Amino acid sequence: MSSVKQFQVTFDCAEPERLARFWCEVLGYVVPPPPEGFATWDQYQRSRPPEERDAWFACVDPSGVGPRLYFQRVPEGKAAKNRVHLDVRVGTGLVGEERLAALDAERARLMPLGAVHVRTLYDGNDACIPMQDIEGNEFCID
């Protein structure tokens, strides 16, 4: 049996393009080109039947290293805490006040984008900042 080499992370959401563009800003990802035969994403969306318009959107790591993020519209809203979440790793290798400062700077960058600060966890050495994205999905600045 061969191992899986690629995977994507899928988000169930209410507004796929809006959420995808938020995560592009968080991670430095980009929106891929529209499907073949379409000059723009708007042109592609207008070509779809009304019930399928804006049903999904995606973003990708421009370096090709990170996983593709796929956002699909679902009818139900978020009802409970995520069982899986993303850790945005900005403090790798840092400890103490230096780590906390790096995480805090990222928190400050993300809040104007619509992210919600849940709390800051800091024990004098290690730190983590739980957050929520614009649809309430939990993630951590780590």
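In the classification applied here, Ala, Val, Leu, Ile, Met, Phe, Trp, Tyr, Cys and Pro count as nonpolar, Asp, Glu, Lys and Arg as charged, and the others, Gly among them, as polar. On this basis, the lining of the largest pocket comprises 9 nonpolar, 5 polar and 5 charged residues. The structure is a predicted model.

The largest pocket holds about 440 Å³ of space. Its lining is made up of 19 residues, of which Thr-10, Phe-11, Asp-12, Asn-82 and Asn-137 are the closest to the centre. The greatest contribution to this lining comes from strand β1, which supplies 5 residues. Lining residues of the largest pocket are given both by domain 1 (8–73) and by domain 2 (86–141), so the pocket lies between the two domains.

Strand β1 covers residues 8–13 and runs parallel to strand β3 (residues 68–73), to which 6 bridges join it. Within this pairing, Gln-8 has Arg-68 of β3 as its bridge partner. Strand β3 also pairs with strand β2 (residues 56–59), here in the antiparallel sense and over 4 bridges. Ala-58 is bridged to Tyr-70 in β3.

The second largest pocket has a volume of about 170 Å³. Gln-8 and Arg-68, the bridge partners named above, are both among its lining residues. The remainder of the lining consists of Lys-5, Gln-6, Phe-7, Val-60, Asp-61, Gly-64, Val-65, Gly-66 and Pro-67. By residue class, the lining of the second largest pocket divides into 4 nonpolar, 4 polar and 3 charged residues.

Conventions
Residues numbered from 1 in each chain as written. Predicted model: local features only at pLDDT ≥ 70, side-chain atom pairs only at ≥ 80, totals over all residues. Heavy atoms only, no water. Pairing = 2+ DSSP bridges. Helix = DSSP H or I, 4+ residues; strand = E, 2+ residues; numbered from the N terminus. 1 Å grid on protein atoms, 1.4 Å probe; cavity = no way out; pocket = protein on both sides within 12 Å on 5 of 7 lines; lining within 4 Å. Points joined across faces, edges and corners; volume = space filled by probe spheres on them. Domains from an automatic or database assignment.
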